[in-house]
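Try each task before you read its solution.

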Amino acid sequence: MELRQLRHLLAVIEHGSFSRAAEAVHLTQPALSRSVQALEAEVGAALLERSRGEMTPTEIGRLVLGHARSLDLATRDLQRDIALTKGLELGELRIGVGPFGGSALVGPAIGRLNQLHPRLQVKTVLAPWQELPERARAREVDLIVLELSQVQAMDYFALKALSEHPMLNVCRPQHPLTQLRQPTLADIFAYPSAGPTPTAAMVNAIMAAIPEPMRDSLQKRGLLTVQCDLAGMLKDVLCHSDATALLPTFAVAQELALGLLVALPDIDMGLRVRFGCAWLSARTMSPVAERFMELLVAHDRSLVAHSGVIS
């Protein structure tokens, strides 16, 4: 059996038809069919059942597919490790980030990495934080940057924690709340709330910080009126509405400095968020990834120093 044939079988199952699979692997449909037929001849049994336009594996096909996936992943790991031995200048780094907090952190570190090693290939994969662990397990990315509570219970990940960052209640400068001398949480939650999809840990922390009489009403109506995982879009929502948002300081530092958003005074819910890097513990950490994490840690510490927060 050849790895090429096994990958062709994987493509047929993944795409559900020979025509779509052939396009994905850059072959003609007859050539792909011959490849799968040759694999079936090598095995001595049918691997696919073709009925009503659907492709489903036979019992032996499922067995072969399981090994094919393992071999494909092992080969990709081998290719990656070979590339890493060529050094920082010729390597590749794939980083998975969420569309809000993670992406707000990694940009400066990636820029610094590119400045130091301009020939290094860096690819970012933007995905909802709920999908990032599986992206890492599928070897689509080398490491992921996300809020650590999302992966701390997954024992197949190694972690590098960054600093804790406080959360701020922010809104537009002309918001009615800015006219109040000391707005309360009741005042804030009288207006719509906007924000990225919260983790279960963050929801629990927010509910614990809210006075008990307010919890029932918030649980009934939902914590967020506007749920938006895109940083730019969410900030536009805040600038053009009376919604407020509870966000990490680093995510809105530029908007606060420019006066596009303001932090509501005297409202400290005691909430902190901690991001970090996670990667499969079974995989060797590459020099490229280690260099990126060094730069990310340095950037994170500069954010803490600038905000005057002690992690």
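Two terms come first: contact means heavy atoms within 4.5 Å, and helices and strands are DSSP runs, numbered from the N terminus. The model is predicted.

**Exercise 1.** Compare the reach of helix 3 with the expected value.

Solution. 
- Find helix 3 at residues 29-43; it has 15 residues.
- The expected span is 1.5 Å times one less than the number of residues.
- That gives the expected 21 Å.
- From first C-alpha to last, helix 3 reaches 21 Å, close to expectation.
- Now step past the end: glycine 44 follows helix 3, and its phi is positive, near 85°.

**Exercise 2.** List the buried residues of helix 3 and find what covers them.

Solution. 
- Buried means under 20% relative accessible area.
- In helix 3, Ala31, Leu32, Ser33, Ser35, Val36, Leu39 and Glu40 are buried.
- Their cover includes helix 1 (3-15), helix 2 (18-24) and strand 1 (48-51).

**Exercise 3.** Find the cavities of 30 Å³ or more and describe their linings.

Solution. 
- The whole structure holds two such cavities.
- Sort the lining of the largest cavity by class: 21 nonpolar, ten polar and two charged residues.
- The second largest cavity has about 40 Å³ of space.
- Among the residues lining the second largest cavity are Arg80, Asp142 and Trp279.
- The lining of the second largest cavity has three nonpolar, two polar and three charged residues.

Key: Residues are numbered from 1 along each chain as its sequence is written. This is a predicted model: local features need pLDDT of at least 70, side-chain atom pairs count only at pLDDT 80 or more; totals for chains, interfaces and linings use all residues. Side-chain values use heavy atoms; hydrogens and water are left out. Helices (H or I, at least four residues) and strands (E, at least two) are DSSP runs, numbered from the N terminus. Buried means under 20% relative accessible area, exposed over 50%, partly exposed in between (1.4 Å probe, protein chains only). On a 1 Å grid over the protein atoms alone, a cavity is a set of points where a 1.4 Å probe fits but cannot get out, and a pocket is an open set with protein on both sides within 12 Å along at least five of seven lines; lining residues have an atom within 4 Å of a point. Grid points are joined across faces, edges and corners, and a volume is the space filled by probe spheres set on the points. Ala, Val, Leu, Ile, Met, Phe, Trp, Tyr, Cys and Pro count as nonpolar, Asp, Glu, Lys and Arg as charged, and the others, Gly among them, as polar.
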